[in-house]
Amino acid sequence: MNTEKNNSRIREGVELRDLIKMQTEVGLIESMFQSKTLTAIVIIIIILLGGFFMFLSKVAG
């Protein structure tokens, strides 16, 4: 089996800007700029996760 086909490589013609745009975080931020609902959901999730971890630290400590 030829393993050269299965390995993904960066081609010479790919720019750094395109590689950055492929990142999940960049896609999320771009989507958040377009959607108020997504922004609200992400903020609520961050607050809930922060509260949960604060609760866990108080229970453990």
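**View 1. Overall fold.** Along the sequence, the protein runs α-α-α. It has three helices and zero strands (DSSP runs: H or I, at least four residues, for helices; E, at least two, for strands; numbered from the N terminus). This is a predicted model: local features need pLDDT of at least 70, side-chain atom pairs count only at pLDDT 80 or more, and totals for chains, interfaces and linings use all residues. Residues are numbered from 1 along each chain as its sequence is written, and side-chain values use heavy atoms, without hydrogens and water. Buried residues make up 2% of the 61 residues (buried: under 20% relative accessible area, 1.4 Å probe, protein chains only).

**View 2. Helix α2 against helix α3.** The axes of α2 (residues 24–34) and α3 (residues 36–60) come within 5 Å and cross at roughly 120°. Leu28, Ser31, Met32 and Gln34 of α2 meet Lys36, Leu38, Thr39 and Val42 of α3 (heavy atoms within 4.5 Å).

**View 3. The start of α3.** A side-chain oxygen of Ser35 reaches to within 3.5 Å of the backbone nitrogen of Thr37. Helix α3 has 25 residues.

How values were computed:
Axes fitted to C-alpha atoms, helices over the stretch in contact; angles between N-to-C directions. Expected span 1.5 Å × (residues − 1). Polar contact = N/O pair within 3.5 Å; in protein donor to acceptor, adjacent residues only side chain to side chain. Buried < 20%, exposed > 50% of the residue type's maximum accessible area, 1.4 Å probe, protein only.
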